[in-house]
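Student: I would like to go through this structure with you, one question at a time. Could we begin with the charged side chains and then move on to the pocket and the surface?

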Amino acid sequence: MAAVLVGVFGVAGALLRFAADSWFAHHSTRRTVPGPGKDKLHWPWATLVVNVAGCFIIGISYGLTQRLALGPEWATGLATGLAGGLTTFSSWTTATVRLVSEARFGSAALNIAVNLVLGLGAAAAGIAFLP
Amino acid sequence: MPPAKAWLAVAAGGLAGSELRYLLGLVFPDHPGSVPWATLWINVVGSFVLAALTTAWMARPQTAFWLRAGLGPGLLGSFTTFSAVAFAVDQLARNGQHAVWIAYLGLSLVLGLLAAALGWRLGRLAAPLPPRTGGRP
């Protein structure tokens, strides 16, 4: 049962993340070098948004399923499936390496720091919200 | 909006990536109070593969979008996880296991970034960029 929930929630998380990727790709620039025009340089906003949201979800997953009197397989589905599928580590590291390859060292460092600080904060907030 | 084929590929990749991560967690369970090794290696391997594919696809932009979406955001995006890292760090810190959470976070960062950097370079080697005018010697 847990495996089914992980699969269903994992697909939902992946589709939500892809939707966020697509939305930010459409509403921001893919510019990689500074130049004339108002366009700002690309920055991995979509990954930050899904990682912070997913950290909050994993934080509340255990408290939420307990309050709703759902079995532990639902906590696994929410934590491993939804939060795990929504968040991504590989896009985070790859985007950081990409920023370094473009000699944007400040942006790369900021990408690491902001994901960590907001992600850990969101997880703690989720736990505090529904202990 | 990406075409339906891309969404389907992301769903299929997301299913495979999530189940594979879940399965590895069952086979290599975490021990309370120690570094969650399964998640660590999942994230390191996933970072390597995604970075390698990214530069390989940069060199081969004709690669079908649905295939890139299914393997990148779908399979590898779902296989690797950020939330499990944040949650485990939070729990280890709450239990006062400071050496463990610092080691886990540090190893995840250093090995994940090294793996991505290595993959980034190897992906370029595997699919050399087409010669640019006035490009590399």
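Student: Which side chain meets that of R98(A) in a salt bridge?

Tutor: Please keep in mind that this is a predicted model. Side chains of opposite charge can pair when their charged atoms come close. For R98(A), the N to O distance to its partner is 3.2 Å, and a salt bridge requires a separation within 4 Å. The partner is E102(A).

Student: Which residues are linked with E102(A) in a network of salt bridges?

Tutor: Besides its contact with R98(A), E102(A) forms a salt bridge with R104(A), where the closest N and O atoms lie 3.6 Å apart. The residues linked with E102(A) in this network are therefore R98(A) and R104(A).

Student: Is R104(A) buried or exposed?

Tutor: E102(A), at 22% relative accessibility, counts as partly exposed, and R98(A), at 25%, is also partly exposed. R104(A) has a relative accessible area of 12%, and the cut-off for a buried residue is under 20%. Because its value falls under that cut-off, R104(A) is buried.

Student: In chain B, which residue forms a salt bridge with R94(B), and in which helix do both lie?

Tutor: The closest N and O atoms of this pair are 2.4 Å apart, and the two residues are separated by four positions, about one turn of the helix. The partner is D90(B), and both residues lie in helix α4 of chain B.

Student: Which helix gives the most to the lining of the second largest pocket?

Tutor: This pocket holds about 710 Å³ of space, and its lining of 29 residues includes Y62(A) and D30(B) among those nearest the centre. At least two lining residues each come from α2 and α3 of chain A and from α1, α2 and α4 of chain B. With five residues, the helix that gives the most is α4(B).

Student: How many of the residues in that lining are nonpolar?

Tutor: The lining of the second largest pocket comprises 29 residues. Of these, two are charged and 11 are polar, while the nonpolar residues number 16.

Student: Where in chain B is F28(B), which belongs to a nonpolar surface patch?

Tutor: The patch covers about 490 Å² and is made by L20(B), L23(B), L26(B), V27(B) and F28(B). Chain B has five helices and zero strands, and helix α1 spans 4-27 while α2 spans 37-59. The place of F28(B) is in the loop between α1 and α2.

Definitions and conventions: Residues numbered from 1 in each chain as written. Chains lettered and ligands numbered in written order. Predicted model: local features only at pLDDT ≥ 70, side-chain atom pairs only at ≥ 80, totals over all residues. Heavy atoms only, no water. Patch = residues over 30% accessible without salt bridge, like charges linked within 9 Å, V, L, I, M, F, W, Y side chains within 5 Å. Areas by Shrake-Rupley, 256 points an atom, 1.4 Å probe, with all protein chains shown as cover. 1 Å grid on protein atoms, 1.4 Å probe; cavity = no way out; pocket = protein on both sides within 12 Å on 5 of 7 lines; lining within 4 Å. Points joined across faces, edges and corners; volume = space filled by probe spheres on them. Nonpolar A, V, L, I, M, F, W, Y, C, P; charged D, E, K, R; others polar. Buried < 20%, exposed > 50% of the residue type's maximum accessible area, 1.4 Å probe, protein only.
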